[in-house]
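Work through the exercises below with the sequence and the structure at hand. Try each task before reading its solution.

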Amino acid sequence: MVYTRKNQSSLSRGERRRFVDAVLRLKRSGEYDEFVRTHIDLYVSDGEHRLRVAHMTPSFLPWHRRFLLDFERALRRVDADVTVPYWDWTKDRTPAASLWGEDLMGGTGRRGDRRVTTGPFARRNGWVIKEGITDGDFLTRDLGRPGDPLKLPTRQDVAWATAETVYDVSPWDSTSRRGFRNRLEGWTSATGDERWRNHNRVHRWVGGHMLGGASVNDPVFWLHHAFVDLLWSRWQRLRPDSAPYLPAKPPSAGDPQYRRIVARGEPMPPWRSTPQDMLGHEGVYRYAE
Amino acid sequence: MSSVRTVHRLRRRHLIAAAATAALGAVGAFRGLRGADEEEQPEAPGGPSFDETYRGRRIQGEPVIRGGEHGQGSWRVTVDGQPLGLMRRADGGYLSMVDHYQSYASPLAAARGAVDELGTHQALNGRLH
């Protein structure tokens with residue numbers, strides 16, 4: 001049975017509550033923190049000479065698709081009607097959006113320690129950070145970075161990515177000058193406010209935990225990545241003649257990326273799934289757009 | 001990096017030898033282009049070691065000779081004595097465990113950036129990666 005991922009802004013009050021309750025149950029069982037650890041452990045930067053599957057790499061999109069599917073499967077074991085909602089940050093652009101309401105994500109962090117104090121993921125309401133990188137055990141955010149304000153990516157930013165007709169290009173990392181993947185992931189060589197685009201810029205805009213290695217501690221991570229996943233689907237629909245994933249073959253022994261990236265048919269640790277396995281989700285879920 | 005070191009060594013030898021006027025002239029032109037940094041010792045990738053107070057936090061960093069699990073150019077960086085994990089970027093920069101979404105030009109810049117993000121009340125817990 002194909003299920004539907006909805007825009008978070010269209011969820012009913014009951015749907016919001018059931019999503020939050022399912023997340024809280026995974027947290028209590030310890031499963032949630034396994035997802036946090038997986039994301040930390042698999043983050044390999046592109047200046048490192050080892051395999052990178054999750055970021056700055058062609059498999060950024062299929063790796064996170066699989067990651068979301070695992071999370072959603074865990075949620076649906078708790079409540080079979082729950083799916084991961086998506087956050088369209090080109091539309092819901094301010095800390096006043098209902099996304100940040102007390103019955104969904106809660107609001108921004110307070111001054112000083114950036115502690116989130118409202119909603120289900122506030123420390124005082126029981127959301128304790130166990131897999132963090134600071135001594136605080138509370139979730140942190142700095143929505144919009146008021147000290148040096150920054151805007152969320154726009155429709156034009158998304159269009160800049162989807163205008164690319166090729167999925168990814170050599171050198172297959174954060175310095176790839178063309179290609180849909182790197183433009184959606186959002187690495188640029190720009191300086192100042194323009195250095196972050198699309199996916200990366202959203203992590204920067206939320207700030208706090210979302211900026212660092214332990215970003216999964218903030219449940220908005222899933223809503224953000226569901227929208228990134230939707231944009232990949234949309235690009236595939238828009239570009240039926242483009243190869244849906246590149247590279248098709250692993251780089252050869254003399255290539256600087258040899259054994260550092262995953263080709264279409266190669267497994268993406270920690271799973272045996274390949275990018276090929278993740279190319280279509282029609283039989284599993286759909287997006288209500 | 002090695003070619004830069006070679007230039008440094010050659011230049012020093014030239015100066016010590018007080019070589020021909022033509023050679024000194026060439027060195028002078030070269031210095032003019034490169035600026036004052038030229039006088040300093042050749043450095044490890046990422047710049048010199050540092051130990052400073054930034055926004056009330058003590059930040060220290062030094063290159064690690066043995067690459068360790070994160071490969072060449074590794075650094076040991078601490079904020080108030082707690083390790084800050086750094087990774088190399090393909091563009092030559094660094095990212096830190098606190099900020100995974102931008103390149104910092106040097107370990108010092110990454111450490112300062114981490115302090116900026118930690119705010120005034122949070123300390124690192126020592127987790128590297």
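The exercises that follow concern a predicted model.

**Exercise 1. Confidence**

Task: State what the predictor reports for the complex and for chain B, and find where in chain B the pLDDT is below 50.

Solution. Step 1: for the complex, the predictor gives an ipTM of 0.90 and a pTM of 0.88. Step 2: chain B has a mean pLDDT of 71, with 59% of its residues at 70 or more. Step 3: the stretch with pLDDT below 50 is residues 1-42 of chain B. Beyond near neighbours in sequence, this stretch makes 10 contacts in the model. Step 4: where pLDDT is low, the predicted coordinates should not be read in detail.

**Exercise 2. The fold of chain A**

Task: Describe the secondary structure of chain A and decide how its radius of gyration compares with the globule rule.

Solution. Step 1: chain A has seven helices and two strands. Step 2: along the sequence they come in the pattern β-α-α-α-α-α-α-α-β. Step 4: the C-alpha trace of chain A spans about 55 × 45 × 35 Å along its principal axes. Step 5: 46% of the 289 residues of chain A count as buried. Step 6: among contacts in chain A with a separation of 6 or more, 62% are between residues 24 or more positions apart.

**Exercise 3. Helix H6 of chain A**

Task: Is H6(A) largely enclosed or largely open?

Solution. Step 1: helix H6 of chain A covers residues 198-206. Step 2: a residue counts as buried if 20 or more other C-beta atoms lie within 10 Å of its own. Asn198(A) has 25 such atoms, so this residue is buried. Step 3: the buried residues of H6(A) also include His199(A), Arg201(A), His203(A), Arg204(A) and Trp205(A). Step 4: nine of the nine residues of H6(A) are buried, so the helix is largely enclosed by the rest of the structure. Step 5: the buried residues of H6(A) pack against H4, H5 and H7 of chain A.

**Exercise 4. Backbone features of chain A**

Solution. Pro171(A) is in the loop between helix H4 (155-162) and helix H5 (180-185) of chain A. Pro247(A) belongs to the loop between H7 and strand E2 (285-287) of chain A. Met56(A) sits in the loop between helix H2 (31-41) and helix H3 (60-78) of chain A, and is buried, with 26 other C-beta atoms within 10 Å. Just after H6(A), Gly207(A) has a positive phi of about 70°.

**Exercise 5. Strand E3 of chain B**

Task: Sort the residues of E3(B) by face and find the bridge partners of Arg76(B) and Thr78(B).

Solution. Step 1: in a regular strand the side chains alternate between the two faces of the sheet. Step 2: in strand E3 (residues 75-79) of chain B, Trp75(B), Val77(B) and Val79(B) form the covered face, while Arg76(B) and Thr78(B) form the uncovered one. Step 3: E3(B) pairs with strand E2 (residues 57-63) of chain B in the antiparallel sense over five bridges, and Arg76(B) is the partner of Glu62(B). Step 4: E3(B) also runs antiparallel to strand E4 (residues 82-83) of chain B, joined by two bridges; here Thr78(B) stands opposite Pro83(B). Step 5: two residues separate E3(B) and E4(B) in their hairpin, where Asp80(B) has a positive phi near 50°.

**Exercise 6. Contact and core**

Task: Describe the contact between the chains and the largest nonpolar core.

Solution. Step 1: the contact takes 27 residues from chain A and 25 residues from chain B. Strand E5 (86-88) and helix H3 (107-118) of chain B each supply at least two residues of the chain B side. Step 2: that side divides into nine nonpolar, 10 polar and six charged residues. Step 3: the largest nonpolar core has 83 residues, of which Leu84(B), Ala111(B) and Ala114(B) touch the most other members. Helix H7 (residues 220-238) of chain A gives the largest share of this core, 10 residues. Step 4: apart from neighbours within four places in sequence, Ala111(B) is in contact with Ile59(B), Gly61(B), Val77(B), Val79(B) and Leu84(B).

How values were computed
Residues are numbered from 1 along each chain as its sequence is written. Chains are lettered from A and ligands numbered from 1 in the order in which they are written. This is a predicted model: local features need pLDDT of at least 70, side-chain atom pairs count only at pLDDT 80 or more; totals for chains, interfaces and linings use all residues. Two residues are in contact if their C-beta atoms, placed from the backbone, lie within 7 Å. Helices (H or I, at least four residues) and strands (E, at least two) are DSSP runs, numbered from the N terminus. Ala, Val, Leu, Ile, Met, Phe, Trp, Tyr, Cys and Pro count as nonpolar, Asp, Glu, Lys and Arg as charged, and the others, Gly among them, as polar. pLDDT is the predictor's confidence in each residue, from 0 to 100. The radius of gyration is taken over C-alpha atoms; the globule rule is 2.2 Å times the number of residues to the power 0.38. A residue is buried if 20 or more other C-beta atoms lie within 10 Å of its own, exposed if 12 or fewer, and partly exposed in between; C-beta atoms are placed from the backbone. A nonpolar core is a set of buried Ala, Val, Leu, Ile, Met, Phe, Trp, Tyr and Cys residues joined through C-beta atoms within 7 Å. Two strands pair if DSSP finds at least two bridges between them.
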